[in-house]
Amino acid sequence: MLITRWTGSLFRPATGVFRFDRTISCSSSVRSTADDGSQQKLYSFERLSGRALVRVHGEDSVNFLQGLMTNDMRHFEHSRAIYTMFLRVNGRVFCDALVYRHPEAKGNDDFLLECDQPIASRLEKHLKLYRLRKKVQVLLDETYHSWVAYRERIDPEAKVLPAEEKKAHTDPHLFRDPRLPWLGYRILIGGGDDQTGKLDRLLEKFSGVIATVPQYVPFRYTVGVGEGELNLPDGKAFPLESNCDWLHGVSFHKGCYIGQELTARTYHTGVTRKRLMPLQFEGQPLEDVPVDILREADIKNESGASVGKLRGYAAGRGIGLLRIEKVLPASGPMMLTVPGITHSIVCHTSRPFCFRFRMATTQEQIRTDPESSSAAASSERPVPTLIPFRCELCEASESADYYGRRPPFVGKLIELAEDSYVMRDPFAPPPQAVPDKPPCEYFLVLGADCNLCRRTVCKASDCSFFYGATFCRSCSLERVLEFPLEVRSKIKKQFS
């Protein structure tokens, strides 16, 4: 099964007082990690010792970065942070980065790029290579230390950090993670001897715990988000396979940038066969295995066929680059093959939070497309000639001739972006009668199931919105903030 594109217009070592070996209380508002009932409402604060900052400033900095990275710098007109990737000329990932507007800069041309510490100097060199005569300064910045604040469970009653209130704190500086709501906030804390006091001021207002054992990476793997050189190896990863499009990290409307050709061609072709996906291991079987041995370890399914590669592991969680059609929708146990380890290492995968599509279930495949799965091929259940369709919002009803992605009555040239209810055009002659007529004129798409709530809705503009998948009116409005910035206005305008 192929995954189609979205459509639409559209380690720096810890130093000083923050080398934690035991639980630390910076103020009375910091609670013990042993709290149970209230623990889920607390933010976990963790120092990201493996991250570094590169500063880019100057009057040409906006146009300079615009031509080098995948995202659109114009998002800073209404945002304080964006996620992006820097590509090589062949379209492969050089590195990913979080870009912040400098919190203490007076103008709008000063930015901080957060990336992995081992790659920071290479990113600085990469940027200087393309600087030429532009009025831009590029340098490593050691003014701030990166922290993260997140909750493993989203609680709507918990107090929200004031990331959009720019004057809430002068230091620390808070930035909402632009990728996913589950990733919480990034915090930049200035260096110096007063770091404890700065964090203390933050914790006086917002209850939280300081992690004594790093837990953010396993949590990030659970969500299915890759970050840094380990998960996105230099010269081997592709932006769309790394979920850059679903993490709001790439713009297909900004114009040219380094590596844009392959990315745009893949997007407009509409086929991405592999994606980064979360892995859950049975137990913690790889705690003592060196990272270099785990890198690119092979993952196989029950039949022994290779389905992907391991891209990261931490505390029983992992992330892997997997072939979607072989592991979803109903993934069985998979086996990880590690050199030097003879026993079986069992892992499972699941649909990541950022996935904007839903794979058809086995019953839907049996009902509509007997050739799409082996289970359907062996099933004795007859395929109905007509499929009843009824929109659950406007109550429009009709009989569909097909449910799926490849209507058999238009040949093999058409593949829909999602499983849809399709009927033959009753006013069009069969393809044999008019062979020169475009295949798309032989059928009508009545509707599809909402990608979130699974309600069946029609394609009327009052009932559904399409962005890579169909979303009903209610889900589009309720979760509008989870869409890319350039799409939100379209949703509000369509349903206004």
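I started with E395, which I found in the loop between β17 (387-390) and β18 (397-400). Helices and strands here are DSSP runs, numbered from the N terminus, with at least four residues of H or I for a helix and at least two of E for a strand. E395 is not a glycine, yet its phi is positive, about 65°. Most residues other than glycine have a negative phi.

I located H248 in the loop between α5 (228-231) and α6 (260-269). With a relative accessible area of 15%, H248 is buried.

**A note on the model.** This is a predicted model, where local features need pLDDT of at least 70 and side-chain atom pairs count only at pLDDT 80 or more, while totals for chains, interfaces and linings use all residues. Residues are numbered from 1 along each chain as its sequence is written, and side-chain values use heavy atoms, with hydrogens and water left out.

**Cysteines.** How many disulfides does a search of the whole structure find? I got zero, counting a disulfide as a pair of cysteine sulfur atoms within 2.5 Å. I looked at C453, whose closest cysteine sulfur is that of C450, 3.6 Å away and too far for a bond. C453 is partly exposed, at 34% relative accessibility. C256 is exposed, at 66%.

**Salt bridges.** Side chains of opposite charge can pair when their charged atoms come close. My rule asks for a side-chain nitrogen of Lys or Arg within 4 Å of a carboxyl oxygen of Asp or Glu, and the count comes to 24 salt bridges.

I followed D234 next. The side chain of D234 meets that of R88 in a salt bridge, 2.8 Å from N to O. D234 is in the loop between α5 and α6, while R88 is in the loop between β3 (81-87) and β4 (93-101), 146 residues apart. R88 is partly exposed, at 34% relative accessible area. D234 also forms a salt bridge with R122, with the closest N and O atoms 3.0 Å apart. R122 sits in helix α2 (residues 117-129), so this pair ties together parts that are 112 residues apart in sequence. R122 counts as partly exposed, at 31%.

Then I turned to E227 and R186, whose side chains meet in a salt bridge of 2.7 Å, N to O. E227 lies in the loop between α4 (216-223) and α5, and R186 in strand β9 (residues 185-190), 41 residues apart. Are these two buried or exposed? E227 is buried, at 9% relative accessible area, and R186 is buried too, at 1%. Through shared partners, salt bridges join R51, E114, D116, D177, R179, R186 and E227 into one network.

**Strand β16.** Four of the five residues of β16 (residues 345-349) are buried, so the strand is largely enclosed by the rest of the structure. I count strands as paired if DSSP finds at least two bridges between them. Strand β11 (residues 274-281) runs antiparallel to β16, joined by three bridges, and L279 has T349 as its bridge partner. Strand β15 (residues 334-337) is also antiparallel to β16, again with three bridges; there M334 stands opposite C347.

**Aromatic rings.** I found 14 aromatic pairs. Rings of Phe, Tyr and Trp (its six-membered ring) pair if their centres lie within 6.5 Å; planes under 30 degrees apart are stacked, over 60 edge-to-face, and the rest tilted. Y100 and F175 have ring centres 4.6 Å apart and planes at 35°, so the pair is tilted. Y100 is in strand β4 and F175 in strand β8 (residues 173-176), 75 residues apart. Y100 is buried, at 1% relative accessibility, and F175 is buried at 1%.

Note on methods. Buried < 20%, exposed > 50% of the residue type's maximum accessible area, 1.4 Å probe, protein only.
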